[in-house]
Amino acid sequence: MAIINNNGIILTTAEEVLSWGRRNSLWPVSIGLACCAIEMMHTAASRFDTDRLGIIFRGSPRQSDVLIVAGTVVNKVAPMLKLIYDQMPEPKWVISMGGCASAGGPFPTYSTLQGVDRIIPVDVYVPGCPPTPQALLWGILELQKKIKAKKEGKEFKEIPIKQAAPSFPIKK
């Protein structure tokens, strides 16, 4: 916690400054595998401009701390995706973007991985098919909240999704 005294001097700890820098300068490596990749590129373009949030896409996993998996992960690609995750330095986080990366999407086949969380841990799921750029920005902001809560030793509680009541009566 930062304290400002009467002279305008801010007193804080080095850990607080590092945590602030870590969550406000996320450098994702993008794994664009399908149509979600187009929306991820749209998010980084001039209209939504992730650079203003300190988010700069990197081409190498060794320079990245966030892995954004955007699209359908097939079983042939899964080992390479795991290798990219393993090459990232700690601390590292994962955003699963879209229905295909999160749960296999409309492809319940033997060749499609039914959720990227089967091979790597996922921190934030961004819903949609494909998710809008606003949804990806929401996912990035949720990841920043999660990083801040972990630093403060708090439990990050996600917003529960209420299930809609069926529009027809269920017979028992």
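Predicted model: local features only at pLDDT ≥ 70, side-chain atom pairs only at ≥ 80, totals over all residues.

1. The chain has 172 residues, of which 36% count as buried. Its accessible surface comes to about 10900 Å², and carbon and sulfur atoms account for 60% of that area. Among contacts with a separation of 6 or more, 71% are between residues 24 or more positions apart.

2. The sheet. An open sheet is formed by 4 strands in the order β3-β4-β5-β6, with parallel pairing. Strands β3 (28-32) and β6 (124-126) are the edges, each pairing on one side only. On average, and with direction ignored, neighbouring strands of this sheet are turned by 15° against each other.

3. Pairing within the sheet. Strand β3 is joined to β4 (residues 66-70) by 5 bridges, and the two run parallel. One of the residue pairs here is P28 with V66, its bridge partner in β4. Strands β4 and β5 are likewise parallel and joined by 5 bridges; in this pairing A70 stands opposite M97 of β5.

4. A helix on the sheet. Helix α3 (residues 78-87) packs on the sheet and touches β3, β4 and β5 (93-97). The direction of α3 makes about 160° with that of β4.

5. Strand β5. How many of the residues of β5 are buried? The count is 5 of the 5, so the strand is largely enclosed by the rest of the structure. Both of its faces are covered: W93, I95 and M97 are buried on one side, and V94 and S96 on the other.

6. Residue V66. This valine lies in strand β4 and has a relative accessibility of 3%, so V66 counts as buried. Beyond its neighbours within four places in sequence, V66 is in contact with L26, W27, P28, V29, M88, W93, I95 and L143. The C-alpha atoms of V66 and V94 are separated by 5.6 Å, although the two residues are 28 residues apart along the chain.

7. Helix α1. The buried residues of α1 (residues 14-23) include E16, S19 and R23. These residues lie on the same side of α1 because they cover an arc of only 65° around the axis. The exposed residues A14 and L18 are carried on the face turned away from that buried side.

8. Helix α2. In α2 (residues 36-44), the buried residues are C36, A37, M40 and T43. Seen down the axis, they fall within an arc of 110°, so they line one face of the helix. The face turned away from the buried side of α2 carries the exposed residues I38 and M41.

9. Cysteines. The structure holds 0 disulfides. For C36, the nearest cysteine sulfur is that of C35, 4.9 Å away, whereas a disulfide would require the two sulfur atoms to be within 2.5 Å. C36 counts as buried, with a relative accessibility of 4%. For C129, the closest cysteine sulfur is in C100 at 5.4 Å, which is too far for a bond. C129 is exposed, with a relative accessible area of 61%.

10. Backbone features to inspect. Most residues other than glycine have a negative phi, and most peptide bonds are trans.

   - The peptide bond from E90 to P91 is cis, with omega near -10°; P91 belongs to the loop between α3 and β5.
   - The peptide bond from C129 to P130 is also cis, with omega near -20°. P130 sits in the loop between β6 and α5 (133-151).
   - D49 is not a glycine, yet its phi is positive, at about 50°. This residue is found in the loop between α2 and β4 and, at 26% relative accessibility, counts as partly exposed.

Terms used. Residues numbered from 1 in each chain as written. Heavy atoms only, no water. Buried < 20%, exposed > 50% of the residue type's maximum accessible area, 1.4 Å probe, protein only. Contact = heavy atoms within 4.5 Å. Areas by Shrake-Rupley, 256 points an atom, 1.4 Å probe, with all protein chains shown as cover. Arc of directions from axis to C-beta. Pairing = 2+ DSSP bridges. Axes fitted to C-alpha atoms, helices over the stretch in contact; angles between N-to-C directions.
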